[in-house]
Amino acid sequence: MQTLMHNWYWARGSVGPYTVIASYITATAAYGYETQIVYMLARDGKIIADDDANVSFEADRVAIDGKTGKPVADITRYTYHDADTRYVFSFEREKTILQAVLTDRAPLFKRIIARLIGFDGAYHRFTGQVTIERFERGVPMERFEDRAIWELMYFGKARPQRVSS
């Protein structure tokens with residue numbers, strides 16, 4: 001996986017009658033750090049949205065994690081939009097329940113080799129609030145909130161963050 005993926009967010013949430021499985025994947029440098037979204041939204045067990053081309057991803061309030069040195073977003077948002085309907089699934093981090101540098105538990109020799117080849121993997125698991133909002137022609141129709149767990153995995157070194165003005 002580390003030859004293909006630099007990092008990804010992965011989330012699954014159930015809130016109200018909705019279930020979402022979503023992932024935002026960033027490829028390695030060999031693939032130009034291209035991104036891909038994997039997305040499935042169901043209502044009452046029936047898939048209602050799964051065309052990744054209609055989904056956008058946003059990460060807000062991004063800061064560097066002190067233990068792993070990786071950028072971590074407080075809010076990740078997947079927005080599905082087609083015709084007149086828009087679904088916004090947001091995950092708001094309240095707590096990081098796991099931070100792991102993937103080489104920490106490896107024997108010394110393997111840690112040295114990992115550093116020499118540039119492996120800098122890390123794993124994070126978060127808890128917080130998941131919210132879904134449904135809009136029809138821009139008008140809010142539904143909103144549900146619940147608790148969720150989601151993840152962030154890094155195989156590559158953290159890339160410099162863009163500075164916004």
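Glu151 is partly exposed, because its relative accessible area is 23%. The cut-offs are these: buried is under 20% relative accessible area, exposed is over 50%, and partly exposed is in between, with a 1.4 Å probe and protein chains only. Glu151 forms a salt bridge with Arg125, and the closest N and O atoms are 3.8 Å apart. By salt bridge I mean a side-chain nitrogen of Lys or Arg within 4 Å of a carboxyl oxygen of Asp or Glu. This pair links distant parts of the chain, with Glu151 in strand 9 and Arg125 in strand 8 (residues 122-136), 26 residues apart. Strands here are DSSP runs of E with at least two residues, numbered from the N terminus. Arg125 counts as partly exposed because its relative accessibility is 29%.

A word on the source. This is a predicted model, in which local features need pLDDT of at least 70 and side-chain atom pairs count only at pLDDT 80 or more, while totals for chains, interfaces and linings use all residues. Residues are numbered from 1 along each chain as its sequence is written, and side-chain values use heavy atoms, with hydrogens and water left out.

Now the sheet. In what order do the nine strands of the open sheet stand? The order is 4-3-2-1-9-8-7-6-5, and the pairing is antiparallel. Two strands pair if DSSP finds at least two bridges between them. Strand 4 (46-49) and strand 5 (55-64) are at the edges with a single partner strand each, so one side of each has no neighbour in the sheet. On average, neighbouring strands of this sheet are turned by 20° against each other, direction ignored. That angle is taken between axes, which are lines fitted to C-alpha atoms; angles run from 0 to 180 degrees between N-to-C directions. As an example of pairing, strand 2 (residues 18-27) and strand 3 (residues 35-43) are antiparallel over nine bridges. Val20 has Leu41 of strand 3 as its bridge partner.

Back to salt bridges. How many does the structure hold? There are 14. One of them joins the side chains of Glu94 and Arg147, at 2.7 Å from N to O. Glu94 is in strand 7 and Arg147 in strand 9 (residues 139-154), so this pair ties together parts 53 residues apart in sequence. Glu94 is partly exposed, because its relative accessibility is 49%. Arg147 is also partly exposed, with a relative accessible area of 49%.

Another salt bridge is between the side chains of Glu136 and Arg134, at 2.8 Å from N to O. Is Arg134 buried or exposed? Arg134 counts as buried, because its relative accessibility is 18%. Glu136, at 22%, is partly exposed.

Last, the rings. There are twelve aromatic pairs, where rings of Phe, Tyr and Trp (its six-membered ring) pair if their centres lie within 6.5 Å; planes under 30 degrees apart count as stacked, over 60 as edge-to-face and the rest as tilted. Phe91 and Trp150 form a tilted pair, 5.2 Å centre to centre with 55° between the planes. Phe91 lies in strand 7 and Trp150 in strand 9, so the pair ties together parts 59 residues apart in sequence. Phe91 is buried, at 0% relative accessibility, and Trp150 is buried, at 2%. Ring pairs link a cluster whose members include Tyr9, Tyr24, Phe91 and Trp150.

Note on methods. Helix = DSSP H or I, 4+ residues; strand = E, 2+ residues; numbered from the N terminus.
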